[in-house]
Amino acid sequence: MGSLFRSEEVALCQLFLQSESAYTCVSELGELGLVQFRDLNPDVNAFQRKFVNEVRRCDEMERKLRYLEREIRRDAIPMQDTGDNPEAPMPREMIDLEANFEKLENELKEVNSNAEALKRNYLELTELRHILKKTQVFFDERDGCAGNLDGGSVSLTQNLLPDEAKGPIQLGFVAGVILRERVASFERMLWRACRGNVFLRQAQIEEPLEDPATGEQVYKSVFIIFFQGEQLKLRVKKICEGFRATMYPCPEAPADRREMAMGVKTRLDDLNTVLSQTQDHRHRVLVSAARNLRSWMLKVWKIKAIYHSLNMFNIDTIQNGLIAECWIPVPDLETVQLALRRGTEKSGSLPAILNRLSCVESPPTFHRTNKFTRAFQGLIDSYGVASYREMNPAVYTIITFPFLFAIMFGDLGHGIIMTLFGAWMVWKEKPLSVKKVDSEIWNIFFGGRYIILLMGTFSMYTGIIYNDVFSKSLNLFGSSWHVPFNESTIRDNREIMLDPKQPDQYEGTPYPIGLDPLWQLAANKINFLNSYKMKISIIFGIVHMMFGIILSLWNHRFFNRRLNVLCEFIPQVLFMSCLFVYLTLLVFIKWVNYGAGEDVPLVLTPGCAPSILITFINMVLMKGYEEAKGPNSCSAYMYDGQFYLQRMMVVVAVICVPWMLVAKPYFLYRASKQRAMLGTGGVEGAMEETPSTMPVQPAEDHDMSEILIHQGIHTIEFVLGSVSHTASYLRLWALSLAHAQLSEVLWGMVLRIGLSTAGTTGGFAMYFIFAAWATLTVVILVLMEGLSAFLHTLRLHWVEFQSKFYEGQGYAFVPFSFDSILEANESTVTEAK
Amino acid sequence: MKFCGPKLSLCCTILSVWGIIQLGIMGILFYIKSPAFLEDLFIPENATEPAAYIDAMEKSFSQIALNCWIATALYGGTFVLSGWQMWLNFKK
C-alpha cells in the first residue's frame, strides 16, 4: 500500500524474550529502529525498576567519559569522529569498559593533582627567586640608612635622642609576595595598623606568574617590611596573612642570599623538567583516550538505551523471560522477525516469539519518509499528527506548498538566489550534515533544504510568468504593443492610453509566455495586475479547497462512513460548487468571451463586461431579473438563461445547509432507536469495522445533544468558512503585490541613485551602491519576504486546506532507534557546551 | 597578509561574483539601449526639445553602460582580492 498516501498499518505485538537473549534482541531492534515499545510498568518508580543498577552504572561511565572529554578539550587535542557505529557491547564487556574508564579516570586525576602540586612548588620557588633579586636593593638602602644614622653626621635625620643599641638599629624584616592589585590597600592598612612605624618597600614583578589552581596568569609584587620589635612583627604577620601575601624566609647576609638564589635556580630547573614530563605523560594518556572516546561514548549510550527499554518490559518469572508490548508497522513484521532471530543466535538461546494482538486503542501514526519527503511531512506534523490511517496531506504539500509560495514570491531574480542557495545545500548535503553546527537557524534552513530548492524553482517559474526580474521585465519575444504616434501627439499629451482595438497599437496576439514587457512602463500596470492576480488567487483557492473536500471522500470511504458521504460530503460539494466553483466559471467565461478587437459586437466589448463581484452579490441576494435593453446596449448577463440558472444554484446551496445540519443526527437517532428496539445493546454494528480508529459514532441516546451540537458547529464552520477562506486566499494577491512593489522601490530608491549619477563617477558610485542594493535585496526581499510568504502559505495549508478533511488527532510513531537516541544525546551535549 | 576572516571573505567573494554577472549584463543591456531602463536614465533639465531629449537619452545610455562596466571591473578586482583572502582562510 502506498506509504505516503495514508499512514501505515501498525500492529500491536507481544514479544516473549528469554532472559539471556533479551539484551541482544533489544540491541538488534535498536539498530533496526522499527519498533516502538510500550511502557508496561508506568506506575513503577524509576528507582524500583529491575535494571536500575545497570542504568546507574551506565550513568557513572558516562560521567567518567565526560570528565575525560573535558580534559581532552582543555588540552585542545582533536577528537576524531571516525563515523563508525559500534554495536552495543555485551553485558560482560560492560565490566571491562567500566574497569578501563575507572583506571583512566584515576590516572588522570593523579596526574592532575601531581601537576598542581608541582606547579605550586614551582610558583613558590619562582616567587622566592624574585624576592631574592629585588630585596638586594632594599637591604642596601637599609644598611646605608643605618650606617648614616650611626656616625654622628649632621644630617637632618640625626637621631636627637641617644641610641640605646650600639651599632646599627636592629630592624627586623618580613619579605613576601602579594598580588599587585592589593598592594595599595596593603600599604595603607600597614600604615594605619602600625601607626606608621613600619617601612614598606615594594617592587613589581614584570612577568606574570601562573596561579596553580585556576591556571591564569597574575601579576604580583615583591615587598619587604622593616619593623622594630616583636609586637610590630606579630601585627605585620597578621596583616600579611589577611591580605593573603605569601611570606618567605629571606636571609640577611648577601652571601647567604646568593647561595640561596643558586639553590633555588637548580631546584627550579629540576622542577621544570619534572613538570614537562608530567605534562607529556598527561598528554599521552589523553591522546590515547581521545582515539576511542567517541566510540566508547556511543557504546555507553547504547547500553543505557537498551536497559531503559528493558525496564519497560514485564518479567515473566514462570518461563524465565521478559514480555514486551510494542507497536510494529505491519509491512516490517518480517524484518523484525529476522532481527530477533539474529539476536537470539548471538546469545545462543531459545528463539523469541512475536505475537500479534488486537487492540482497542488507536495505534500511532507512521509515515515512511525519505530525506526529501521528511521536511514536508514535518510541516504537516507541526500542526497535528494525522489520525491513524487518515489521508496524508503531506504528499500534495510537496507541490502545492512551493507553488502557492511562488505565487506570492514571483520574481525571477529572487527565485534564482533562493534556488542557488537550496541547490548548494542539497549538493553539499553529506559534508554539511556531518558537521555539527550549533546555530539553530542554520539547522532549520538545512533541514528544509529541499523545500527551499523547490520554492526557488517554482518562484523562478512564476517570475517568468509575472515577467519580473528584480522589478524589471524581460523582453524575449518582442512586445505585442507598439506606439504609432508622431512627435506632436506625444509632445502635446501628458498621458496616452494605447487602445488594444487598434491593430497598429496592439498586434492582436498576446506575448507568448507571461506578462507583456511593456506593462512595466505603463502607469496603469497595477490596475491591470490587480484584476489578474485577484482572480487567479480566487481560482487557485477554490481549486485547493475543492481538492480538500474531495480528499475527505477518500477518508469516508476508507473508514466505511457511508453516513458521512451522504450527509456531509455531498452537501459540501454541492454548496461549494453552486456558489464558488460557479464563481470561477464566471471568471473564465468573462476572460474568454469579452475582449477588444475590431469585429467584437458591442455587448462583448470590455466596456460592457459585467462586474463579477456585482453579479455574484446580486445572485446571492436573489435580485430580480433585468430586462435586456436593446441590441445596442450592454447586458447584465454573460449568457442566456443565466438568471434562472443562478436562482436554481442559490436554492440548491441554501438547501444544502439544513441538509448538512440535520440529516446526519437524524439518521443516527433512527439507528440508535432501532438498536434499542431490537434489544441488543451496544456497539456491535460499529465494531464490525476493519482495524481502524475508535468508532466515532457514539451509540447511546444521551449523546444526541452532543451530536447535534457537533454537527451544528461543523456546519456553521463550513458555511461561514467557505466565504472567509475563499477571501483568505486573496493573500496570494496581496503578498505578490507587496513583493513586486518592494522590489520596485528598492531599485528606484537605491540602485537608480547609482545609475543616474552623471559622469564617470557613476561607475564608482555603482560599485558601492550595488553592494548596498544586493545586501538589501537578500535581507529584505529574499529573507524577510520569503519568510513572510512561507508563513502565509503554511497558514493556507493548515487552515484553509486541511480544515476540509483533516482530523489530525493522532500521535506519532516513535520507534526505539539508536540513531535517534544518539542524535538526541549529541544535541544535548552540544547545547550544554 | 590575512586581513579578512573567513565569513567576510566568503561574503565578499559571493557579492563580487553576483556583481560581475549582474553589472556585466546590465552594462550590455544599457549599451543596446534596452527600454526597460528608461526610468533610470539621467536627462538634464534643459533637454525639452525632442531631438535634444533623444540625444540626451542616447548619451545617458552609453554613459551608464560605461559606468556599469567600470563597476564590473572594480568587482573583478574585489573578487580577486577576496578570493585570495578566502584561499588564505580556508587552506588547511
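Helix axes here are lines fitted to C-alpha atoms over the stretch in contact, and angles between N-to-C directions run from 0 to 180 degrees. Keep that in mind for the helix pairs on this tour. The model is predicted.

**Stop 1: α8 and α9 of chain A**

Select residues 371-383 of chain A, helix α8, and residues 394-409 of chain A, helix α9. Their axes are 9 Å apart and meet at an angle of about 100°. Angles of 65 to 115 degrees count as roughly perpendicular, so α8(A) is roughly perpendicular to α9(A).

Now show the side chains. From α8(A), the contact uses F372(A), T373(A), F376(A), Q377(A), L379(A) and I380(A). From α9(A), pick A394(A), T397(A), I398(A) and F401(A). Colour the contact of α8(A) with α9(A) by class: seven residues are nonpolar, three are polar and none is charged.

**Stop 2: α15 and α16 of chain A**

The crossing of α15(A) past α16(A) is left-handed. Colour by class again: the contact of α15(A) with α16(A) has 19 nonpolar, six polar and three charged residues.

**Stop 3: annotated spans in chain A**

An unreviewed UniProt entry lists several spans as "transmembrane region", including residues 536-554 and 566-589. Select residues 536-554 of chain A: the span is 100% helix and 0% strand, with its end C-alpha atoms 27 Å apart. Then take residues 566-589 of chain A. This span is also 100% helix and 0% strand. Its end C-alpha atoms are 32 Å apart.

**Stop 4: annotated spans in chain B**

UniProt, in an unreviewed entry, gives "transmembrane region" for residues 12-32 and 64-84 of chain B. Residues 12-32 of chain B are 95% helix and 0% strand, and the end C-alpha atoms lie 30 Å apart. Residues 64-84 of chain B are 100% helix and 0% strand, again with 30 Å between the end C-alpha atoms.

**Stop 5: where chain A meets chain B**

Finish with both chains on screen. The contact takes 28 residues from chain A and 26 from chain B. Together the two chains bury about 2,300 Å², 70% of it on carbon and sulfur atoms. Select L755(A), Y767(A) and F770(A). These residues supply 28% of the area that chain A buries against chain B, more than any other three residues.

Definitions and conventions. Residues numbered from 1 in each chain as written. Chains lettered and ligands numbered in written order. Predicted model: local features only at pLDDT ≥ 70, side-chain atom pairs only at ≥ 80, totals over all residues. Heavy atoms only, no water. Left-handed = near helix turned anticlockwise from the far one by under 90°. Helix = DSSP H or I, 4+ residues; strand = E, 2+ residues; numbered from the N terminus. Nonpolar A, V, L, I, M, F, W, Y, C, P; charged D, E, K, R; others polar. UniProt positions renumbered as here; feature names shortened; annotations may be inferred. Contact = heavy atoms within 4.5 Å. Buried area = accessible area lost by both parts, 1.4 Å probe. Parallel < 35°, antiparallel > 145°, perpendicular 65-115°, else oblique.
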